[in-house]
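This briefing covers the nonpolar cores and the salt bridges of one protein model. The sequence and structure come first, followed by notes grouped by topic.

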Amino acid sequence: MVLNISHVCPIQPGGKFSQRVIFSDEEGTLWWHAHSDWTRPTVYGAIVIYPKKGTEYPFPAPHADVPIILGEWWKEDIFEIFDQFRASGADPNVSDAYTINGQPGDLYPCSKSDTFKLSVDYGKTYLLRLVNAALQDILFFSITDHQVTVVGTDASYIKPLKVDYVAISPGQTIDVLLEANQPLDHYYMAAKVYSSANGVQYDNTTTTAIVQYNGNYTPSSTPSLPYLPYFNDTNASVNFTGRLRSLADNKHPIHVPLSISTPLFFTVSVNRFTCANTSCGANQSRLAASVNNISFQTPTRMDILRAYYNQINGVYGDHFPDKPPLFFNFTADSTPLMIYETPSKGTEVKVLEYNSTVEIVFQGTNVAAGTDHPMHIHGTSFYVVGWGFGNFDKDKDPLRYNLVDPPLQNTIAVPKNGWSVIRFKATNPGVWFVHCHLERHLSWGMEMAFIIKNGRGKKAHMLPPPPYMPPC
């Protein structure tokens, strides 16, 4: 996939901006969304990529396919929530509801009449294209009395996996097949939060939609809710994610890098900054976040893409470290090392050679708060070759990598106080954002950027920034 613009300044009010998107091997579901402050809760949509002409799905063709977009909703204006969040230095106010296709659902009087309803015929199969567009939370999703078969994630097919529930990160897409094989009735589909951080408030509501069978019958007066794991069930989350496997067959080959030229070790942490006064809280500190103990500062003078292409100095640095400043017990119950609790600030990128083979160990920490981190990379998909709890062991854990059929994704949830390992080949020249898809962590600085240099030939060169790029 080629997205020629990444890490640019926001479109100004009344302005317009066009993007050119070239899909390569993607097939399935992706999505688009805003990345300016917290506009993402309402500025997004699904992208559906069908099989090429002359080819077929790697599963029986569904009767229909339906986008199911999971979202988040506040009674207050989201920009007021954002301003309060920035001023306080603390966690933001939690949402008042989650949504399915824009509606909180049957359990809310204001939404009951507009609850999304999916009409199905008994005996037919439906492809549900799940998108988690929620701002702050991983979500569990399920349908009463129906298993679903997972067949794709992030526009890449996987081996069919029949499950009772799905765990889906913000920024992630998952394709599932729903077989309408139950007695004629109305059934809830529902989603609720997975939130693993201790002592952090969360939205404990459940959003619903209705699967209603076509036919002549009297439905049950009130559908029952489906099974959904407990709100902090980390094992339920990783047991779902950890079972995903690429098809890895003749028609859908995989290309996992086996020899690594660029090994990287990135700690992903929630941190704190000390305040000069008590304006941001009684404890004189505000929450921050970092990658390798650098809290990213978004440039305000010019976007990194324009600065890199035009060789303009002073906008960013190119010395993002390959590893953290020190190694310690990252996931211990207490981490007294003050040097790591307070990160440095910077606008640093990592420069990658074209065709380099990259491995990233994403290591979660328990510095200020241990929790999951859905890490996302713009401009490239990657193979998830391993994951685990605790501290990554460079001698033992690589022996357990899945290099045979790892899933190809663009978002992976690094488990609470654990690690995930990804591999990819740098073949898409440009400036590419790397960040946690929990928006509060992104706003606190859990981000960095890759610059992939040009290769040989015209197709291996990044395109110039268009003249109509939004100004900063």
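The largest nonpolar core holds 45 residues. Within this core, the residues with the most contacts are Ile68, Leu128, Phe141, Val150, Val166, Met189 and Phe240. Strand β14, residues 186–194, supplies 6 residues, the largest share of this core. The model is a predicted one.

**Nonpolar cores**

- Met189 is one of the residues with the most contacts inside the largest core.
- Another core, of 38 residues, lies apart from the largest one, and its members include Phe82, Met375, Ile377 and Val414.

- The model has 15 salt bridges.
- Asp303 and Arg306 form one of them, with 3.4 Å between the closest N and O atoms.
- Asp303 is buried at 1% relative accessible area, whereas Arg306 is partly exposed at 22%.

**Salt bridges between parts separated in sequence**

- Lys350 and Asp322 form a salt bridge with an N to O distance of 2.7 Å.
- Lys350 belongs to strand β20 (residues 349–352) and Asp322 to the loop between α3 (304–309) and α4 (338–341), so this bridge ties together parts 28 residues apart in sequence.
- Lys350 counts as buried because its relative accessibility is 15%, under the 20% limit.
- Asp322, at 34% relative accessibility, is partly exposed.
- Lys453 and Glu353 form a further salt bridge, their closest N and O atoms being 2.9 Å apart.
- Since Lys453 is in the segment after β28 (447–452) and Glu353 is in the loop between β20 and β21 (357–364), the pair ties together parts that are 100 residues apart in sequence.
- Both partners count as partly exposed: Lys453 has a relative accessible area of 30%, and Glu353 has one of 47%.

Conventions:
Residues are numbered from 1 along each chain as its sequence is written. This is a predicted model: local features need pLDDT of at least 70, side-chain atom pairs count only at pLDDT 80 or more; totals for chains, interfaces and linings use all residues. Side-chain values use heavy atoms; hydrogens and water are left out. A nonpolar core is a set of buried Ala, Val, Leu, Ile, Met, Phe, Trp, Tyr and Cys residues joined through side-chain atoms within 4.5 Å. Buried means under 20% relative accessible area, exposed over 50%, partly exposed in between (1.4 Å probe, protein chains only). Helices (H or I, at least four residues) and strands (E, at least two) are DSSP runs, numbered from the N terminus. A salt bridge is a side-chain nitrogen of Lys or Arg within 4 Å of a carboxyl oxygen of Asp or Glu.
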